[in-house]
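The model is predicted.

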Amino acid sequence: MTLAHTYEPEIRTRRPDLITVEAAKKLDLAKVRQLTADHLNPGQLNFLRLLGFDRVLIDSAEGPYYIDQNGRKILDFFGGFGSVAFGHNHPRIIAARKKFQDENRQEICMAFMSQYASALAYNLAAIAPGDLDYVFLGSSGSEAMEAALKIAEQAQGPERSTTVYAENSFHGKTKGVLAVTDGALYRSRFNLAQNTRRVPFGDAAGIEALFKSDPSIGILVLETIQGGAGIIEAPVKYWQDVRGLCDQYKVLWIADEVQCGMGRSGHFFAFEQYGVIPDVTALAKALGGSKCAMAAMIARREIYMKAYGTSKTALVHAPATFGGIGEACATAIEGLNIIYDEGLMDNAAVQGDYIIAGLKRLHEKYPQIIKDVRGQGLMIGLEFQDISQTLPFGVRQMVSILDDKLKGSLCGFLGALLLAKHNVLVAFTEYNRNVIRLEPPLTIGKAECDQFLTAMETLLARGITGIVTDYISLMARR
Ligand SMILES: Cc1ncc(COP(=O)(O)O)c(C=O)c1O
């Protein structure tokens with residue numbers, strides 16, 4: 001008897017009906033929706049549907065714009081949660097990659113040293129302050145954070161491996177970092193490392209109390225600016241206390257700069273503005289030049305040497321198969337040069353101040369709609385009032401038939417309308433459904449900021465009921 005999941009050899013080698021790259025480019029909206037539902041992520045498709053984001057198929061992207069299959073230009077204020085720092089398809093990034101390809105330079109070359117990986121590591125060490133000198137290269141933020149947790153534990157030893165993390169933290173979704181990621185949904189039904197302790201973000205006294213009471217604590221992990229929590233910052237004093245406490249209790253501090261790093265805050269690393277240096281840090285997202293996957297963990301020299309400095313320990317964590325892959329390293333090297341050549345950190349600070357000032361004006365004008373405007377550089381949080389309990393009765397009834405995710409959240413309604421009516425894309429926030437996150441490319445100018453601010457003002461002028469009813473009639477037009 002032949003089992004259903006076994007194949008005859010000749011059937012196994014016969015080419016299935018595969019889609020080619022060029023055929024993929026020509027797939028229409030309905031077909032992509034169907035393939036997504038059948039093979040990629042049906043649950044996510046439902047969410048996209050609620051926002052009307054499933055009505056757009058992007059064809060190309062340039063600078064701060066996506067261009068859809070009908071030639072419609074969409075302003076990208078989402079920015080891939082910080083990944084699109086250089087704008088889409090920055091000409092210098094494309095040129096560096098093309099040269100790399102045209103000359104058939106080596107891509108996967110695990111047996112030999114790589115001039116590109118070593119140059120990238122050197123560049124990162126040259127940019128990072130103090131003796132943050134040793135670099136592990138990977139391909140995602142989660143991988144860089146796994147590397148950070150591992151090097152800290154390797155240096156401290158298992159007796160001091162208890163790790164303190166912050167409430168509402170987001171450090172990735174791989175199994176190791178999930179243990180320090182504070183999302184109940186993401187953590188649910190996984191058996192995670194138990195030697196972790198949680199403190200409120202910004203609470204130095206809470207950290208001290210933990211350090212004092214538990215000598216097994218040897219690691220502290222914090223995003224410098226919390227992204228998934230809704231763009232939450234902590235004051236200078238907190239960071240100075242963090243450094244002081246870590247020194248006093250010999251705890252290693254890991255600064256997660258995956259989202260806020262690479263110049264987004266107006267500083268290359270957000271921690272630099274606080275005059276303190278962590279023991280380990282991590283970059284990803286924008287490190288790939290807004291074109292490919294690249295991530296880095298950077299550790300202080302002494303910690304690296306203690307963890308992996310001998311030929312016996314060198315292979316305990318690195319290398320990873322695709323860590324230090326040629327073209328991705330070349331892309332990251334070009335990106336780092338562009339940040340300085342084009343003054344992207346200064347631009348982030350200038351345009352960020354301009355957007356924040358514009359949003360604060362809107363906050364004053366519409367306090368019943370906007371609750372708070374916060375952030376720095378081009379990492380901005382726009383928090384709306386929670387209207388779930390305050391909507392007029394009829395509107396509340398209409399809204400109550402919508403999915404749980406959008407109920408009472410102005411972000412969903414505004415995000416859908418910004419895209420449908422104003423061709424502007426914004427991002428939502430993992431743990432706070434009332435916060436829109438604005439992380440546009442660091443290359444944007446005043447014209448793009450004005451386009452966004454004008455769109456937002458036009459929508460807010462409709463008032464809460466107008467916004468909700470506009471959304472409902474938009475969705476009814478499917
Ligand atoms: C602060 C932070 N750390 C880690 C990660 C994980 O990065 P990745 O999605 O590339 O694994 C993210 C992703 O959003 C992040 O924002």
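## Ligand shell

Helix α8 (residues 141–156) contributes three residues to the shell around the ligand, the most of any element. The shell has 14 residues, of which Gly141, Ser142, Gly172, Val258 and Gln259 come nearest to the ligand. By class, five residues of the shell are nonpolar, seven are polar and two are charged.

## Sheet

An open sheet is built from seven strands with mixed pairing, in the order β4-β10-β9-β8-β7-β5-β6. The edge positions belong to β4 (132–138) and β6 (196–199); each has a single partner strand, so one side of each lacks a neighbour in the sheet. From one strand to the next, the twist averages 20 degrees.

Strands β8 (residues 252–256) and β9 (residues 280–283) run parallel and are joined by three bridges. Ala255 has Thr281 in β9 as its bridge partner. Helix α11 (residues 204–213) packs on the sheet and touches β5 (162–166), β6 and β7 (217–223). The direction of α11 makes about 155 degrees with that of β6.

## Domains

The chain is divided into domain 1, made of 56–89 and 344–476, and domain 2, which spans 93–341. Their centres, taken over C-alpha atoms, are separated by 29 Å. The contact takes 32 residues from domain 1 and 28 residues from domain 2.

On the side of domain 1 that touches domain 2, at least two residues each come from α5 (79–82), α15 (344–365), β11 (370–376), β12 (379–384) and β14 (435–438). Helix α15 gives the most to this side, with five residues. This side of domain 1 has 14 nonpolar, 13 polar and five charged residues.

Key: Residues numbered from 1 in each chain as written. Predicted model: local features only at pLDDT ≥ 70, side-chain atom pairs only at ≥ 80, totals over all residues. Pairing = 2+ DSSP bridges. Helix = DSSP H or I, 4+ residues; strand = E, 2+ residues; numbered from the N terminus. Axes fitted to C-alpha atoms, helices over the stretch in contact; angles between N-to-C directions. Contact = placed C-beta atoms within 7 Å. Near = placed C-beta within 6 Å. Nonpolar A, V, L, I, M, F, W, Y, C, P; charged D, E, K, R; others polar. Domains from an automatic or database assignment.
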